[in-house]
Amino acid sequence: MASTKGARLTSTTKKAPSRSPRTASRTAPRAKKRSDYHHGDLRRALLDQAVAMLTVDGRADFSLRDLARRLGVSHGAPAHHFADKGALLDAIAAEGFRGLADALLAAKALDASPEERLAASGVAYVRFAVTHPAHVRVMFGKAPSDAPSDECLAESLRAYKALLDLATDAVGP
């Protein structure tokens with residue numbers, strides 16, 4: 001038997017053509033991780049970050065670009081969810097009115113006298129304001145946009161109606 005040590009291997013199998021790194025990257029794209037291109041629920045993250053910033057300093061002196069930078073997304077990404085900062089603040093107000101309405105409706109649903117339900121709604125109102133100061137500032141501060149969204153109007157009317165019903169039940173029209 002002949003020794004194969006030092007001998008070249010000659011075979012009839014074809015070698016894969018060598019590609020430059022530039023060509024290789026075009027023909028064989030790397031698999032993207034989900035985190036490479038998708039934040040998750042960016043709308044929710046933008047709202048949460050804005051509320052956190054409002055809670056800390058009480059001022060809305062941030063931009064959508066600031067929020068994007070803090071969340072590690074492109075500066076244009078927030079525009080997929082909010083046309084401008086006014087729309088973001090409007091969404092925060094709508095969220096606040098929704099939470100306030102839910103708190104008032106929970107008081108209204110209590111198995112108690114109308115007067116006790118009205119008193120419970122007062123406690124619920126104050127509790128909401130204390131636990132959601134950023135929302136309350138946006139809800140009752142300077143209007144975030146010229147015309148509130150339909151959602152914000154609907155939620156504010158829902159909260160107003162719940163409070164009006166509680167008061168009417170307790171003291172009459």
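1. Ser 113 lies in the loop between H5 and H6, where helices are DSSP runs of H or I with at least four residues, strands are runs of E with at least two, and both are numbered from the N terminus. This is a predicted model, in which local features need pLDDT of at least 70 and side-chain atom pairs count only at pLDDT 80 or more, while totals for chains, interfaces and linings use all residues. Residues are numbered from 1 along each chain as its sequence is written, and side-chain values use heavy atoms, with hydrogens and water left out.

2. Ser 113 is partly exposed, at a relative accessible area of 25%; buried stands for under 20%, exposed for over 50%, and partly exposed for what lies in between, with a 1.4 Å probe and protein chains only. The C-alpha atom of Ser 113 is separated by 8.1 Å from that of Ala 170, although the two residues are 57 apart along the chain.

3. Arg 117 belongs to helix H6, residues 114-131. Arg 117 is buried yet has no salt bridge, and the nearest side chain of opposite charge, that of Asp 169, is 4.4 Å away. A salt bridge requires a side-chain nitrogen of Lys or Arg within 4 Å of a carboxyl oxygen of Asp or Glu, and for charge, Lys and Arg count as positive, Asp and Glu as negative, with His and the chain ends not counted.

4. The side chain of Arg 117 does reach the backbone oxygen of Ala 112, at 2.4 Å. Leaving aside residues up to four places away in sequence, Arg 117 touches Ala 107, Lys 108, Leu 110, Ala 112, Leu 166 and Asp 169, contact being heavy atoms within 4.5 Å.

5. The structure holds 1 aromatic pair. The ring centres of Phe 97 and Phe 140 are 5.6 Å apart and the planes meet at 85°, so the pair is edge-to-face; rings of Phe, Tyr and Trp (its six-membered ring) pair if their centres lie within 6.5 Å, with planes under 30 degrees apart called stacked, over 60 edge-to-face and the rest tilted. The pair links distant parts of the chain, since Phe 97 is in helix H5 (residues 85-108) and Phe 140 in helix H7 (residues 133-140), 43 residues apart. Phe 97 is buried, with a relative accessible area of 10%, whereas Phe 140 is partly exposed, at 46%.

6. On the chain as a whole, the secondary structure comes to 8 helices and 0 strands. Of its 173 residues, 28% count as buried.

Notes:
Polar contact = N/O pair within 3.5 Å; in protein donor to acceptor, adjacent residues only side chain to side chain.
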